[in-house]
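Visitor: Could you walk me through this one? I'd like to begin with the charged pairs and then go on to the core and the strands.

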Amino acid sequence: MSKKILIVLLSSVAFTILFSFFFIHFLYSKLYISSIEESIIYQGKRTAAHYHYGELSDEIIEKIQWYNIVSEYEIIVVDHLDDLSSYFPYKINYENLIDDTDQKKLEKGAHVLKEGYVEELNREILGAIFPIKGETGLIGFIYIYVPLAAIQDVFRESIPLLIVVGTIFFFILFLVINRTWNSLFDPMRQLQKLSSEVSKGNFSNRIVTGRTDEIGQLADAFNAMSLSLEEQEKRKKEFTSNIVHELRTPLTYIGGYTHALKEKIYSSPEEAEGYLTTIEKETTRLNKLINDLVELNHLQEDLYILDEEPIVIAQIIFDTVDLFMIRFEEKKLKLQIDIDEEIIMLGDPQRIQQVFYNVIDNAIKYSTDNGIIKITLKQQSKEIELQVVNRGIHIQKEDISRIGERFFRTDKARNRTTGGTGLGLSIVKEIVRLHGGTFSIQSDQVSGTTVTICLKAGMHDEIN
């Protein structure tokens, strides 16, 4: 990119110089030469006009020659065209001064312009031949010419000014280019350097430009990317730590109890049976963890195809609540239900029940004994809203935005009696997303924790 811009800048400078050269030549040809040409024609016609009806006497020729001395032009007066070569024995542009076409034009009374290079004078000349009319016809010819000054002579006084102005112009141009170059490529070089750092895993550096143009926007985009990569790296390390923790504990139980059974380190058959039960539970826990991870990956990669059919939402909620009645009784929880039983939606009933199961399970798990759980279902326009409220453990504000991440749980101690795999709500959010809905959580110490799920109501043809 820098090479392309440099080529463009150098091309601009070259074009400026070339334009100046042609502009000076334009001034030379249009102003200087044109003014000389007009002056020669004027003087020639004026001189020839004095002798239209007279004779070309010696006195007249003498006056014309005297004018030749005092004027800036060279004037030659002859009686016949053939005599002109004696007074002007030079060729213009290596051709004779008068050809047949010129002679015919002069015989008609018109003047002839002659311009070109004269080798003997080593100079360009500009002149004109004018016919002098008498009473009986042409009585002579006047040839007025002037050697043209070279272009450097014409602009002799202007050239120093042009050099000074050009020097100042290119100096200012250099400063502008240098400033533009630095302002453009310093952030780019910094960006290149920091990109190398990012490729090595260092995401902490940022580019500070204070600009709002395209370069500033590029720097902001890079900073946003670095921040996102830094957060992803942090989450990846946390994920690795979490999965190691989740796998280590059941594997430790399984390995320890297997060793105890193998070495027969138990005091009674009942104790051995307890070891086998623990091994079975931990094996089940590992299988659930693996299955949840596989299921979550399928959902997030949109590899799962929903088996959609009309669903009576109220019936699924009632069926799901029945599964938890024993746990409601164990914690002496009071259940309040406010459900519109007429609501119907198009969706995958198995996945929708999985959503309700996880949400109600979490509500029970984090409710205090003798607490209240409230489930409401209502339809607003073409949207179904399910809310599950529990007045149990308060969720910190900084944790709410992270709920639904893999292995994230608000119980930092990872209590095995309450904590699952930490994947349940992640799966819930993906199922809701596949159904075109939204999932959100609010929590405060007064009203408790509220989980809100919004889904599309009705059939597809009704929605459309």
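**Salt bridges, core and strands**

Guide: The side chains of K114 and D102 come together in a salt bridge, 2.9 Å from N to O, where a salt bridge is a side-chain nitrogen of Lys or Arg within 4 Å of a carboxyl oxygen of Asp or Glu. K114 belongs to strand β2 (residues 112-118) and D102 to helix α4 (residues 100-107), so this pair ties together parts that are 12 residues apart in sequence. Helices (H or I, at least four residues) and strands (E, at least two) are DSSP runs, numbered from the N terminus. This is a predicted model, in which local features need pLDDT of at least 70 and side-chain atom pairs count only at pLDDT 80 or more, while totals for chains, interfaces and linings use all residues. Residues are numbered from 1 along each chain as its sequence is written, and side-chain values use heavy atoms, with hydrogens and water left out.

Visitor: Is K114 buried or exposed? And what about D102, buried or exposed?

Guide: K114 counts as buried, because its relative accessibility is 13%, and D102 is buried with a relative accessible area of 10%. Buried means under 20% relative accessible area, exposed means over 50%, and partly exposed is in between (1.4 Å probe, protein chains only).

Visitor: OK, how many salt bridges are there by that rule?

Guide: The count comes to 6 salt bridges. Another of interest is between D361 and R327, whose side chains meet at 2.4 Å, N to O. That pair links distant parts of the chain, with D361 in helix α11 (residues 349-365) and R327 in helix α10 (residues 325-330), 34 residues apart. D361 is buried, at a relative accessible area of 13%, whereas R327 counts as partly exposed because its relative accessibility is 27%.

Visitor: Where do E430 and R433 lie?

Guide: E430 and R433 both lie in helix α13 (residues 424-434), 3 residues apart, which is about one turn of the helix. Salt bridges that share partners also join R327, D361 and K365 into one network. As for E430 and R433, they form a salt bridge with their closest N and O atoms 2.9 Å apart. E430 counts as buried at 14% relative accessibility, and R433 as partly exposed at 37%.

Visitor: How many residues of α13 are buried?

Guide: In α13, 8 of the 11 residues are buried, so the helix is largely enclosed by the rest of the structure. Among the buried residues of α13 are L425, I427, V428, I431 and V432. The helix is followed by G436, which has a positive phi, near 75°.

Visitor: Changing topic: which residues touch the most other members in the largest nonpolar core?

Guide: That core has 44 residues, and I313, I317 and I453 touch the most other members. A nonpolar core here is a set of buried Ala, Val, Leu, Ile, Met, Phe, Trp, Tyr and Cys residues joined through side-chain atoms within 4.5 Å. The elements that give two or more residues to this core include α8 (269-300), α9 (313-323), α11 and α13, as well as β10 (438-444) and β11 (448-456). The most comes from α11, with 7 residues.

Visitor: And what does I313 touch?

Guide: Leaving aside residues up to four places away in sequence, I313 touches I343, M345, F356, L377 and I384, a contact being heavy atoms within 4.5 Å. There is also a second, separate core of 16 residues, which includes I33, I36, I40 and I144.

Visitor: You mentioned β11. How many of its residues are buried?

Guide: Strand β11 is mostly covered, with 8 of its 9 residues buried. It runs antiparallel to β9, and 8 bridges join the two; strands pair if DSSP finds at least two bridges between them. In this part E385 stands opposite C454 in β11. Strands β10 and β11 also pair in the antiparallel sense, over 7 bridges, and they form a hairpin with 3 residues between them. There, I441 stands opposite V451 in β11.

Visitor: Last one: how many helices and strands does the protein have?

Guide: The secondary structure comes to 14 helices and 11 strands, and of the 464 residues of the protein, 36% count as buried.
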